[in-house]
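Could you walk me through this structure?

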Amino acid sequence: MDYAAVPEDFAELSELRAARERMSPGKQLEHIRSAAPHLRNRILASGKLGCVRSFDMATFPYPTRFGLGGAASSPAPYLMMRNRMQLVETTSAGRKIRVLINPSDPERSQAAPFFAQQVERYGAFVSRRVLSTMHGSVSSHLQAAGVAPESIDYVVFDHLHVQDLRGLLGSEDGTRALLPKAKLITQVEELQTLACLHPLQVPWYVADALRGVDTHKIIALRGDYLIGAGLALVRTPGHTTGNHTPVLHTDRGLWTISENGISVDAYAPMHSNIPGLRRYARDSGAEVILNANSREHSLEQYNSMI
């Protein structure tokens with residue numbers, strides 16, 4: 001596929017490359033523990049972001065057994081997951097870059113079979129208006145922030161579950177691009193997944209997510225990159241094969257955005273007040289709690305969270 005070239009001012013990060021070449025998951029984890037601090041230091045040394053703003057997009061029910069990997073003792077079948085979008089401003093080689101991270105379109109996401117089945121089970125009104133809350137759209141949040149859609153350079157999702165990119169990027173079917181100058185940055189493995197979905201992946205993807213989208217609006221990465229001062233994309237396979245994690249360096253420290261784990265509790269279960277998580281972590285020896293709706297590579301997902 002003829003995708004857009006990786007921009008010359010994107011800097012490749014090699015700190016975790018050797019860890020990924022280790023065949024044994026245990027050896028990989030050992031190497032990650034020693035190499036990850038070097039990656040952290042390099043991202044910190046790249047500088048800080050000029051701006052980060054977060055916007056609530058949608059709150060929706062998500063099966064507890066998936067989100068907390070079967071570790072929670074609550075009988076509640078669902079937890080409420082809140083999707084947020086980040087507007088990030090950075091600089092690279094003297095140019096200002098604006099990036100939208102996880103700018104989901106809740107209406108288009110309804111085409112994913114997981115959400116379509118919820119509508120079938122509970123009805124459109126209950127599933128979309130009672131169980132779910134829409135907090136705003138990409139366009140309404142940009143307008144409130146005083147940011148023109150045509151000023152967005154890149155769009156990044158940590159992975160492409162339930163995403164339909166045609167509304168953001170436009171397509172040959174006549175769909176007008178909300179972000180006319182933006183390019184999608186993703187890992188090549190995520191594009192390969194979309195090109196031929198496995199039956200166990202089908203519930204979580206919009207099959208036509210990129211149908212008719214100009215391939216020159218897509219940057220397919222193969223590895224970890226600095227996108228600008230204080231912004232990195234680090235491959236974190238597991239939840240999906242092509243998962244990567246945006247890393248943000250701000251005045252308040254270093255932040256990561258990933259659905260490998262859905263909350264702070266998933267990364268620090270021994271400090272969690274969610275019933276069952278501390279006991280599960282203590283009894284199993286697990287340091288993290290996986291988001292387990294699509295266990296494509298569970299051991300790699302654990303290592304990625306570490």
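Here is a short tour of some charged side chains, their partners and their surroundings.

This is a predicted model, in which local features need pLDDT of at least 70 and side-chain atom pairs count only at pLDDT 80 or more, while totals for chains, interfaces and linings use all residues. Residues are numbered from 1 along each chain as its sequence is written, and side-chain values use heavy atoms, with hydrogens and water left out.

Let us begin with salt bridges. A salt bridge here is a side-chain nitrogen of Lys or Arg within 4 Å of a carboxyl oxygen of Asp or Glu. Counted this way, there are 16 salt bridges. One of them joins Glu 15 and Arg 42, with N to O at 3.4 Å. This pair links distant parts of the chain, 27 residues apart: Glu 15 sits in the loop between β1 (11-13) and α1 (17-20), and Arg 42 in helix α2 (residues 25-45). Helices (H or I, at least four residues) and strands (E, at least two) are DSSP runs, numbered from the N terminus. Arg 42 has a relative accessible area of 31% and is partly exposed. The word buried stands for under 20% relative accessible area, exposed for over 50%, and partly exposed for what lies in between (1.4 Å probe, protein chains only).

Next, look at Asp 56 and Arg 84, whose closest N and O atoms are 2.8 Å apart in another salt bridge. Here too the pair links distant parts of the chain, with Asp 56 in strand β2 (residues 51-63) and Arg 84 in strand β3 (residues 78-92), 28 residues apart. Asp 56 is partly exposed at 24% relative accessibility, and Arg 84 is partly exposed at 40%.

A salt bridge can also be part of a network. Asp 105 and Arg 108 form a salt bridge at 3.9 Å between their closest N and O atoms. Through shared partners, salt bridges join Asp 105, Arg 108, Asp 164 and Arg 166 into one network.

Finally, turn to Asp 224 in strand β9 (residues 224-228). Is Asp 224 buried or exposed? With a relative accessible area of 2%, Asp 224 is buried. Its side chain makes a polar contact with the side chain of Arg 20 at 3.1 Å; such a contact is a pair of N or O atoms within 3.5 Å, where within protein one must be able to donate a hydrogen and the other to accept it, and residues adjacent in sequence count only if both atoms are side-chain atoms. The side chain of Asp 224 also reaches the backbone nitrogen of Arg 235 at 2.7 Å.
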